[in-house]
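Take the model below and follow a few of its helices in turn.

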Amino acid sequence: AEAEEQYNKALGIREKLAADFPAVPDYRRELAASHNHLGVLQAGLGRRAEAEEQYNKALGIREKLAADFPAVPGYRIELGGSYCNYGNMVRNGGRANESLGWFDKAIATLAPVHRAEPRDVTAKEFLRNSHWGRARVHDQLQKYAEAVKNLNRAIELSPPTEQAGFRAVRATWRLQAGQVAEAVAEVAELTKSPNLDANQWYNFACFYAVASGKIADKKQEYADRAMQLLVKAVFKGYNNAAHIKKDTGLDRLRGRPDFKKLLAELEKKTEKK
């Protein structure tokens with residue numbers, strides 16, 4: 001509430017500056033930023049209708065600035081970022097199909113800027129976020145091959161330190177898209193990292209368990225690998241026996257004696273605590 005009060009005060013000041021000095025584009029730029037910040041806050045509070053109104057006001061200003069000053073890349077970068085934010089809000093509001101158009105606009109706006117200014121960090125990050133947003137929508141719509149295509153581009157645009165998490169998601173989507181060999185190869189590479197935590201080992205165990213049902217002649221190999229990784233996850237500290245017991249991702253392991261033994265041991269440890 002206090003943050004919103006301050007944003008509204010800033011908005012009032014910037015509205016007056018933009019009205020009093022229409023020839024100074026930076027006042028309009030700052031006014032758009034105030035509308036955007038207020039929209040982000042309201043969206044975070046679940047007040048989507050109010051957030052949408054603020055985003056639309058920011059978009060209107062930024063579209064005009066980008067049209068009036070086509071030689072200024074900063075205006076197009078901020079406009080592309082606004083399109084992406086709007087797409088995220090629309091998707092989060094349950095309008096997945098509608099959100100695709102906003103991500104398309106974001107990518108169409110940002111891609112030429114990135115090509116012309118490949119070292120501009122903000123343009124690159126906003127473009128990455130837009131491809132990631134579009135990928136998530138395709139995942140939601142169960143269009144996994146399309147999700148993978150967009151995620152490929154998001155990974156290319158991400159710094160090396162952030163790529164592993166995206167690659168793990170890509171492996172899952174590849175599996176769902178029927179690209180089993182590519183998915184398994186990706187996870188095999190990711191599991192070579194010495195820095196994985198217990199949750200990551202657990203997620204990779206679930207991946208192999210699901211993969212064991214995709215190719216008949218790999219069923220045993222992938223199920224065995226799933227158990228190895230599950231044991232490793234427990235060794236690294238994964239101790240949520242209740243989740244293991246109900247996680248459908250592990251269903252193909254439930255008949256195995258080693259799975260039953262591991263679960264029983266983990267449940268005993270949990271009871272003692």
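Helices α7 and α8 cross in a left-handed sense. In this predicted model, α7 covers residues 144-156, and its axis comes within 9 Å of the axis of α8. The two axes cross at roughly 160 degrees. Angles over 145 degrees count as roughly antiparallel, so α7 is roughly antiparallel to α8. From α7, the contact uses Tyr144, Ala147, Val148, Leu151, Asn152 and Ile155. From α8 come Gln163, Phe166, Arg167, Val169, Arg170, Trp173, Arg174 and Gln176.

Stay with α8, which spans residues 160-176. Which way does α8 run relative to α10, roughly parallel or roughly antiparallel? Their axes cross at roughly 15 degrees. The cut-off for roughly parallel is under 35 degrees, and therefore α8 and α10 count as roughly parallel to each other. The axes come within 11 Å, with α10 formed by residues 198-211. This crossing is left-handed. On the α8 side, Ala168, Ala171, Thr172 and Leu175 make the contact.

Now step back to helix α6, residues 121-140, and find histidine 138 in it. Is histidine 138 buried or exposed? Its relative accessibility is 10%. Buried means under 20%, so histidine 138 counts as buried. What is histidine 138 in contact with, leaving aside neighbours within four places in sequence? The list is Leu100, Lys143, Tyr144, Glu146, Ala147 and Asn150.

Last, go to helix α1, residues 2-20. The buried residues of α1 are Glu4, Leu11 and Ala18. Viewed down the helix axis, these buried residues fall within an arc of 50 degrees, so they line one face of α1. An α-helix has 3.6 residues a turn, so residues three or four places apart point the same way. The buried residues of α1 pack against α2 (25-44) and α3 (48-68). What lies on the other side of α1? Glu2, Ile13 and Lys16 are there, and they are exposed.

Note on methods:
Residues numbered from 1 in each chain as written. Predicted model: local features only at pLDDT ≥ 70, side-chain atom pairs only at ≥ 80, totals over all residues. Heavy atoms only, no water. Helix = DSSP H or I, 4+ residues; strand = E, 2+ residues; numbered from the N terminus. Expected span 1.5 Å × (residues − 1). Buried < 20%, exposed > 50% of the residue type's maximum accessible area, 1.4 Å probe, protein only. Arc of directions from axis to C-beta. Contact = heavy atoms within 4.5 Å. Axes fitted to C-alpha atoms, helices over the stretch in contact; angles between N-to-C directions. Parallel < 35°, antiparallel > 145°, perpendicular 65-115°, else oblique. Left-handed = near helix turned anticlockwise from the far one by under 90°.
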